[in-house]
Amino acid sequence: MSAETVVDFKDVDVIFKEKNKKAVHAVNHVSLNVERGDIYGIVGYSGAGKSTLVRLVNLLQRPTSGSVTVLGDDMAKLSASELRQKRRKIGMIFQHFNLMASRTIADNVAFPLRGVASKDEIKKKVADLLELVGLTDRANAYPAELSGGQKQRVGIARALASDPEVLISDEATSALDPKTTVSILDLLKSVNQKLGITIVLITHQMEAVKQICNRVAVMDSGQVIERGTLLDIFAHPQQKLTKDFVDTTMQMSATIKTISKQKAVQNLGPEKRLVRLTYLGSSTDQPMIATLFSQYSVTANILFADIQSLQNTPFGNLIVVLTGTEQDIDNALKYLNDSDVTVTPVDLKEVESK
Ligand SMILES: Nc1ncnc2c1ncn2[C@@H]1O[C@H](COP(=O)(O)OP(=O)(O)O)[C@@H](O)[C@H]1O
Ligand SMILES: [Mg+2]
């Protein structure tokens, strides 16, 4: 059975043209499929076009050209009342929560239900949602009395009030500290798993993508420059920007800077090579470093090791100095390649210039 497409961007452009200003191509020929059950990460620096892209989903933004189909309907072709109905299927949460300061938490969550449900239904629904997000005891508090993480929980409960099928998160954790970010992402993951809600997660934090997404697209200057499964993007990034984003999850540039100051890497002779080894899952099980020595007479001095978990698959990054004859090292590198270990030379000059 093929997966059901929930959001389908087809060759979409958004061009902002203001008087006396240069036109901004905020979304540039983007085609993208989000499938039911996905937690689809869209990552990019500020100004990449992420918010404009997701505003197309509920037609807060109209495409200049191309089409955006949500749950089977081309958004631009819906009548006003059809659009209103459709928008109820699309929940949204934001960086700054957008809560109503003068209303209680319960009233904020109930807001999307006004006029479409009875008083009793609303009461029950709000109680259920507050329980889901862990805020039952704060129902009568006001937003100002809540922490940032709690405010975002209210935002999530409110977004779920109309039983959406897709939830859009636009930098929802960007104003939160790291620990709170983890707990909000955990909540989104459980919303995805328990309620079957498809999530589009916009962020500039690759760490957030790593924690909960199954698929990723990288945006730069309005374009999707790379996309793939989470494991693919982490293990085999193709574009420089994608590599940089992956490296942020292990503080790689700081690491290489530190390493570059070590004696072990200064004045490397022809018998030594400084390389980074990147591998996923199965390679970990092999006694890789031991094999380098026993089969190829190459010793590996490990300067840095980082093993993280991506969807329960180990993802390893090592920086090592290999020592051996040139021929032995070449053979060892070939063995590593054949074992699905990506070998990249570490260029210290590049670091020094940063
Ligand atoms: N309403 C608008 N009018 C003019 N330019 C806009 C508008 N909205 C966004 N832009 C521009 O489009 C580009 C992409 O912005 P945005 O989608 O907000 O990026 P991101 O969310 O990735 O930071 C930026 O150059 C921004 O200045
Ligand atoms: Mg944005």
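Contact here means heavy atoms within 4.5 Å; helices (H or I, at least four residues) and strands (E, at least two) are DSSP runs, numbered from the N terminus.

This is a predicted model, in which local features need pLDDT of at least 70, side-chain atom pairs count only at pLDDT 80 or more, and totals for chains, interfaces and linings use all residues. Residues are numbered from 1 along each chain as its sequence is written, chains are lettered from A and ligands numbered from 1 in the order in which they are written, and side-chain values use heavy atoms, with hydrogens and water left out.

**Helix H11.** Select residues 288-296: Met 288, Thr 291, Leu 292 and Tyr 296 are buried (under 20% relative accessible area; exposed is over 50%, partly exposed in between; 1.4 Å probe, protein chains only). Viewed down the axis of H11, these buried residues fall within an arc of 105°, so they line one face of the helix. The arc is that of the directions from the helix axis to the C-beta atoms. Phe 293 and Ser 294, on the other side of H11, are exposed.

**Helix H10.** Next select residues 252-260, where Met 252, Thr 255, Ile 256, Ile 259 and Ser 260 are buried. The buried residues of H10 fall within an arc of 135° seen down its axis, so they line one face of the helix.

**Ligand 1.** Now show the residues around ligand 1 (a heavy atom within 4 Å); among them are Phe 16, Tyr 45, Ala 48, Lys 50 and Thr 52.

- Ala 48, through a backbone N or O atom, at 3.1 Å
- Lys 50, through a side-chain N or O atom, at 2.8 Å
- Thr 52, through a side-chain N or O atom, at 2.5 Å

The protein covers 61% of the 560 Å² of accessible area that ligand 1 has on its own (Shrake-Rupley method, 1.4 Å probe). Colour strand E2 (24-35) and helix H1 (50-55), the elements that give two or more residues to the shell; H1 gives the most, with three.

**Whole chain.** Zoom out to 13 helices and 14 strands. Of the 354 residues, 48% count as buried.

Terms used
Polar contact = N/O pair within 3.5 Å; in protein donor to acceptor, adjacent residues only side chain to side chain.
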